[in-house]
Amino acid sequence: MHKVVEPKILYFGTPVVLISTVNEDQSANLAPMSSAWWLNQSCMLGMSSSSQTVANLLRERECVLNLPSSELVRAVDRLALLTGRNPVPERKAQVGYRFEPDKFEAAQLTPQASDLVRPPRVAECPVQLEAVVEQVHDFGMPSTLKAIAVKIIRVHIDERILMTGEQNYIDPEKWNPLIMNFCEFFGLDRKLHPSRLAPVFAPSPGNVSQAN
């Protein structure tokens, strides 16, 4: 039987994203977030306008969306309760956030130069998406939340998660994204059932994929 509830947070789990941006002093900021969804070459990000990441996105209009595998959970968790904003916003300070100027070092991750944007990629992340900001919307009124639409302009994929013999297709049985599910970390379990939709998007037999 279903029951009417009032959950503290209406959130059901999406992949974790480590979003890298450039601060005003030209240093790199790195922040975990997980309110993100993709459609073709676009991605919608949901974040608080009190964050350093949003300030950087509004000013610089570019970022890298780095998707960690489940093996990077400890590195991602090291970024919890850290902020690149100084002074720390009062609401964050009340729950234990502290200022950290070097997020890459704090997470023990490696910055890697991007091709088309200034923010660095995270070398350890199997998926790295260079992106530019296209639109910014207030989300709910009154609210400090922003819905930020970005366009993916370059995709970097670790060859170890590509389908054998293919240049442009990720093998879902090799890719194990880190998932944030009600503020807890999860990975993917085994494949539950074949999908009748999968063959529609699979590479055609005998075709050689060409990079776009």
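Predicted model: local features only at pLDDT ≥ 70, side-chain atom pairs only at ≥ 80, totals over all residues.
1. Seven strands form an open sheet in the order β3-β2-β6-β11-β12-β5-β4, and their pairing is antiparallel. Strands β3 (residues 28-33) and β4 (residues 36-39) stand at the edges with a single partner strand each, so one side of each of them has no neighbour in the sheet. On average, and with direction ignored, neighbouring strands of this sheet are turned by 30 degrees against each other.

2. Strand β2, covering residues 17-22, pairs with strand β6, covering residues 62-67, in the antiparallel sense and over three bridges. Within this pairing, isoleucine 19 stands opposite leucine 65 of β6.

3. The helix on the sheet. Helix α1 (residues 52-60) packs on the sheet, where it touches β2, β3, β5 (42-48), β6, β11 (127-138) and β12 (145-157), and the direction of α1 makes about 50 degrees with that of β2. The buried residues of the helix are Gln52, Thr53, Val54, Asn56 and Leu57, and what covers them includes the strands β2, β3, β5, β6, β11 and β12. Just after α1, arginine 61 takes a positive phi of about 65 degrees.

4. The cysteines. With a disulfide taken as a pair of cysteine sulfur atoms within 2.5 Å, the count for this model comes to zero. For cysteine 43, the closest cysteine sulfur is that of cysteine 63, at 8.1 Å, which is too far for a bond. Cysteine 43 counts as buried, because its relative accessibility is 3%, and the cut-off for that class is under 20%. Cysteine 183 is likewise in no disulfide, and the cysteine sulfur nearest to its own, that of cysteine 43, is 19 Å away. In terms of accessibility, cysteine 183 is exposed, with a relative accessible area of 51%, where the class begins over 50%.

5. A loop residue. Which loop holds serine 143? Serine 143 has its place in the loop between β11 and β12, and it counts as partly exposed, since its relative accessibility is 32%. Although serine 143 and serine 48 are 95 residues apart along the chain, their C-alpha atoms are separated by 8.7 Å.

Notes
Residues numbered from 1 in each chain as written. Heavy atoms only, no water. Pairing = 2+ DSSP bridges. Helix = DSSP H or I, 4+ residues; strand = E, 2+ residues; numbered from the N terminus. Axes fitted to C-alpha atoms, helices over the stretch in contact; angles between N-to-C directions. Contact = heavy atoms within 4.5 Å. Buried < 20%, exposed > 50% of the residue type's maximum accessible area, 1.4 Å probe, protein only.
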